[in-house]
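Subject: Structure handover

Hello,

Here is the structure I said I would pass on.

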Amino acid sequence: MTSIDPAYLRPRLLQRAQESHKGDFGHLLIVAGCQTMPGAAVLATGAAVRSGCGLVTLHSTSRALQAVVNRFPSAMLSEEPGEAFSRVPVPLDRYAAMAVGPGLGRRPETEDALLMLLKAARDRRVPMVLDADALNILSEVPDWQACLPAGAVLTPHLGELRRLLPFGSDAERDRRVQALCIAAGCTLVMKGSHTKVFTPDGDCLVNTTGNPGLAKGGSGDVLTGLLGGLLARGYAAPDAAALAVWLHGRAGDLLTEKRTAEAYASLDLVDCLHRGFKELYDGGE
């Protein structure tokens, strides 16, 4: 196993050319939130606009879009006509990556729309982060691995992982995850106290940041948006996953030092992501 730390990440960092524009840094589509869970869309979108990618579009319901535009006005908006995800936004060719799942809910129309979106991403070979309800919906699809687009990144916590790949011991769990990533060509982020990143090459990377303060609602939504933005930015899936979990955990560590593990909210993680980037790029804070 390899540790995810600054020494591992710095050689993998992408640089920004002086002569560049927003179109050079990718466009992320986020599909998240519904009328009763708009906060998930806010958190994922906020992290995405702090990821370094060029453009972010959120496809969600009216309530979520209003909440997002009030907090992150640089995000573009694509309105879902119903109360939950039911329609694939078009055209999809403009997007370099997608991040799907936080706060979607489990309505039948949402399940149908997710499968259509997965097929569209697979046909176009667009990498996608799958989290939360997207994973729960997939777990009920026979041969769900065949639905994954090339370069997919799955970000389950242990409960979601158990639904996807039932396992007994920790050793069996890790073997099954490793076999899945090799066979499907995907990357899997196994979230927990020592988050692991399993890669299509059979590697297992272990994160060195993070603490129990991250065990709060919305923390995973931040990770999904950040990871999706890094994919759109141009990082390969394993590097995007490793960088995202380190930055996410580092933000939690810095907030814990300042506010204790109890007293910061998931939205605070979004506002602290810049400090981890700065440490990696120039060693400062």
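This is a predicted model: local features need pLDDT of at least 70, side-chain atom pairs count only at pLDDT 80 or more; totals for chains, interfaces and linings use all residues.

Residues are numbered from 1 along each chain as its sequence is written, and side-chain values use heavy atoms, with hydrogens and water left out.

Helix α2

Helices (H or I, at least four residues) and strands (E, at least two) are DSSP runs, numbered from the N terminus. Helix α2 covers residues 38-49.

Of the 12 residues of α2, 10 are buried (under 20% relative accessible area, with exposed meaning over 50% and partly exposed in between, for a 1.4 Å probe and protein chains only). Among them are Pro-38, Val-42, Leu-43 and Thr-45. The cover over the buried residues includes strands β2 (27-31) and β3 (55-60) and helices α3 (62-71), α8 and α10 (266-282).

Two packed helices are described by the angle between their axes and the distance between the axes. Here, axes are lines fitted to C-alpha atoms, for helices over the stretch in contact, and angles run from 0 to 180 degrees between N-to-C directions.

The axes of α2 and α8 (residues 219-233) come within 7 Å and cross at roughly 40 degrees. The two helices are therefore oblique to each other (under 35 degrees counts as roughly parallel, over 145 as roughly antiparallel, 65 to 115 as roughly perpendicular and the rest as oblique). In α2, Ala-40, Leu-43, Ala-44, Ala-47 and Ala-48 meet Asp-221, Val-222, Gly-225 and Leu-226 of α8; contact means heavy atoms within 4.5 Å. By class, this contact has seven nonpolar, one polar and one charged residues (Ala, Val, Leu, Ile, Met, Phe, Trp, Tyr, Cys and Pro count as nonpolar, Asp, Glu, Lys and Arg as charged, and the others, Gly among them, as polar).

For α2 and α3, the axes come within 8 Å and cross at roughly 40 degrees. That makes α2 oblique to α3, and their crossing is right-handed. Pro-38, Ala-41, Val-42 and Thr-45 of α2 meet Arg-63, Ala-64, Ala-67 and Val-68 of α3.

Leu-65 in α3

Leu-65 is found in α3 and counts as buried at 6% relative accessibility. Leaving aside neighbours within four places in sequence, Leu-65 is in contact with Leu-58, Ser-60, Leu-77, Ser-78 and Glu-79. The C-alpha atoms of Leu-65 and Leu-77 are separated by 6.6 Å, with the two residues 12 apart along the chain.

α9 and α10

The axes of α9 (residues 237-259) and α10 come within 8 Å and cross at roughly 110 degrees. These helices are therefore roughly perpendicular to each other, and the crossing is right-handed.

Arg-250 lies in α9 and counts as buried at 17% relative accessibility. Not counting residues up to four places away in sequence, Arg-250 touches Thr-209, Glu-257, Gly-276 and Glu-279.

Regards

Note on methods:
A crossing is left-handed if the near helix is turned anticlockwise from the far one by less than a right angle, and right-handed if clockwise.
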